Amino acid sequence: MRFCTDFARTRKVPNRPEVSALKLRLFFESAPPTRGIIMINSRLAASTMTYRASTLEHALTRLKAHGFDKIELCTAEDWIPHVDLLHLTNAQLERIVNMVKRIGVEIIGVNVGGAKGLEPDNNSFDSKNFTIVNNACKLASALGAGFVTIATDSIIEGAELDARMNAAADFNRAAYEIAKHYGVLLSVEAPHKKSISENAELAKKYWSCQDEKIKCTFDDAHLVCAGDDPVAVAESLAERIIHVHLRDAIEGNSLLRYGEGCFDFQRFIDKLNLLGYTGCFSMEYPVESEAESEERIVKSIKFFDSIKFD
């Protein structure tokens, strides 16, 4: 039995009016911060992915203005170019640390979704990915963040699954040692769509190969997209989960706005709390412009006003 109802899978998303980017920018630059007006639950965090079309400084500044003290720094090469981890210098790292202090937010973790373990052509390790992991851990440590999240390996047509599972485990063990050197935890976002852990069955196999020291960043939407129940899978990974992403979805689509999918956020959060999870829940979704970031963040905060996190 699939996780979503047929109604939820076939429902249509309503059309949205276009919003002038210039009007939104002028409004939000002149408007007073919403902090103090909108009360954000202390366990609700936001990923800088929600401002992926902006600079890191603008993303942090706007999230702070909207009431977020806890933020997950997400950067993924050209797709979310908030930090160039491949070429990060000590001077750049220092500027980022000083910027975060000046804005006055807490970076709870660094998410580098682009750091994959293997090259698609020959199952070999790419040294640049170790550089990305190293600099992500270095940055996380300097910012006082507790963990670094990396991606699972992608599916390669014709590649032998067990070999890729084992090679990914080898990569994660090496990445763990780097994280340990900097005093942070190494977490993997698995399950993840279009990867070797894209559904409940593959995720079970994936985690059976992993060292017990490897932690999990759990995103409900990937499993909903696959037609599986995130609550059941989260229960099996309870001892590994150190961070959680929140995103709405239906089977076949993991990128819906909050309230447009079929996911029961309250059931999910209640279950994690019963399992002993005490960490944050990050709002995470991609946008295409600064205007969309501003429009969506307000609606997203309002959506979670009715959700109990404790």
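**Exercise 1. Asn 135 and its neighbour**

A polar contact of 3.4 Å links the side chains of Asn 135 and Asn 134. Find which helix holds Asn 135, and decide whether Asn 135 is buried or exposed.

*Solution.* Before starting, note that this is a predicted model: local features need pLDDT of at least 70, side-chain atom pairs count only at pLDDT 80 or more, and totals for chains, interfaces and linings use all residues. Residues are numbered from 1 along each chain as its sequence is written, and side-chain values use heavy atoms, with hydrogens and water left out.

Step 1: a polar contact is a pair of N or O atoms within 3.5 Å; within protein, one must be able to donate a hydrogen and the other to accept it, and residues adjacent in sequence count only if both atoms are side-chain atoms. The contact between Asn 135 and Asn 134 is made by their side chains, at 3.4 Å.

Step 2: Asn 135 sits in helix H5 (residues 127-143). Helices (H or I, at least four residues) and strands (E, at least two) are DSSP runs, numbered from the N terminus.

Step 3: with a relative accessibility of 8%, Asn 135 counts as buried. Buried means under 20% relative accessible area, exposed over 50% and partly exposed in between (1.4 Å probe, protein chains only).

**Exercise 2. Around the barrel**

Trace the order in which the eight strands close into a barrel.

*Solution.* Step 1: the order is E1-E2-E3-E4-E5-E6-E7-E10, with parallel pairing. Two strands pair if DSSP finds at least two bridges between them.

Step 2: look at where E1 meets E10. Strand E1 (residues 44-47) is joined to strand E10 (residues 281-283) by three bridges, and Leu 44 has Phe 281 as its bridge partner in E10.

Step 3: move on to E3. Strand E2 (residues 70-74) runs parallel to E3 and is joined to it by five bridges; here Lys 70 stands opposite Glu 106. Six of the seven residues of E3 are buried.

**Exercise 3. Strand E4**

Why is strand E4 (residues 147-151) described as largely enclosed by the rest of the structure?

*Solution.* Step 1: five of the five residues of E4 are buried, so the strand is largely enclosed.

Step 2: check each face. Phe 147, Thr 149 and Ala 151 are buried on one side, and Val 148 and Ile 150 on the other. For Phe 147, the relative accessible area is 7%.

Step 3: find the neighbours. Strand E3 (residues 106-112) pairs with E4 over four bridges, where Val 112 partners Ile 150. Five bridges join E4 to strand E5 (residues 185-189), and there Ile 150 partners Val 188.

Step 4: compare sequence and space. Phe 147 and Ile 108 are 39 residues apart in sequence and 7.4 Å apart in space, C-alpha to C-alpha.

**Exercise 4. Helix H10**

Which residues of helix H10 (residues 265-274) are buried, and what caps its N-terminal end?

*Solution.* Step 1: the buried residues include Phe 265, Phe 268, Ile 269 and Leu 272. These four cover an arc of only 95° around the axis, which puts them on the same side of H10; the arc is that of the directions from the helix axis to the C-beta atoms.

Step 2: recall that an α-helix has 3.6 residues a turn, so residues three or four places apart point the same way.

Step 3: Asp 264 is the cap, with a side-chain oxygen 3.3 Å from the backbone nitrogen of Gln 266. Just after H10, Gly 276 takes a positive phi of about 100°.
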